[in-house]
Amino acid sequence: MAANRRSLAITNEYGRRLKAVEAQVLAQNERAWNLTGNFDAQYAEWFALMAPAVAAAQALNVRLTSAYLGAFRTSETRTPSRPPDIDPAEFVGKTRDGRTFEEGWTSPLIKTKVAMSKGKTIPEASNIGLEASANIIRMDTYAAARDAMARQIRSNDGVIGYRRVSQGETTCGGCLAAEDGEVLSETEDFASHPGCDCVAEPVYGDVDDLFNHPTGAERFSRLTAQEKIEAVGQDAAQLLGTDEIQLYELAGKFRTATGQDFLVERPVKDLV
């Protein structure tokens, strides 16, 4: 919720711009990925192209986050606010878990080689590696924006927390379930997953909540029957239709090997 309807539009525009940055760098990645035989050498060529491209996208996302925070605070408090001064160097050139790209981007090459060892053709193995590289790029490009946002939320005395806001109606089941409109503590990490386009919207303690984004449950209720199945799966969609389970119950977390939480959709068998 927000004190000003314009604030909702500012958050939505911020989300759209982050998604446009992601789309641009993913298009670059698809053009750059070309593993057709000499995997190590071609991976090195891919890395040389994509590391600076992702770093540039991260820097842009940090600038977008700074501009968003200035505009959102101005809208909420009705007091002109300068965008916060965020040093991009703290968030650029790093993976979502703080490693260098050299350390954190090994899985696409490994998965390509493993696929070949299991009898996949070169095009099939290359596509597996491409998917792995796209997932990494999605997460790391958004991570710069999310980490910069988290730093600002935690350091601003006027902010008491944040709400999760997704983009579009047909988002995944985990995100729909997590977008419940509740205010999350400023110390709570923002859980996400590859392809997640949700953003954190700051909540100021000294303004009234008068306008709100639709919750995940409200978004879900507007989907067609087929879209509901595509979002959460047939079993969950059927149970949600009978009120045997509630949408928020589908939100779960998976702890990765690097200690980060991925947002996931909980299996139906764990709920009934």
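## Basis

The model is predicted, and local features need pLDDT of at least 70, side-chain atom pairs count only at pLDDT 80 or more, and totals for chains, interfaces and linings use all residues. Residues are numbered from 1 along each chain as its sequence is written, and side-chain values use heavy atoms, with hydrogens and water left out.

A pocket is an open set of points on a 1 Å grid over the protein atoms alone, where a 1.4 Å probe fits and protein lies on both sides within 12 Å along at least five of seven lines. Lining residues have an atom within 4 Å of a point. A volume is the space filled by probe spheres set on the points, which are joined across faces, edges and corners.

## The largest pocket

The largest pocket holds about 700 Å³ of space. Its lining has 39 residues, with R146, D147, A150, F190 and Q260 nearest the centre.

Helices (DSSP runs of H or I, at least four residues) and strands (E, at least two) are numbered from the N terminus. At least two lining residues come from each of α1 (5-32), α5 (122-155), β3 (199-204), β4 (251-255) and β5 (261-265). The largest share, 13 residues, belongs to α5.

## The second largest pocket

For the second largest pocket, the volume is about 340 Å³. Of its 19 lining residues, R96, S107, K111, I136 and F262 lie nearest the centre.

Here α3 (101-104), α4 (107-117) and α5 each give at least two residues to the lining. Again α5 supplies the largest share, six residues.
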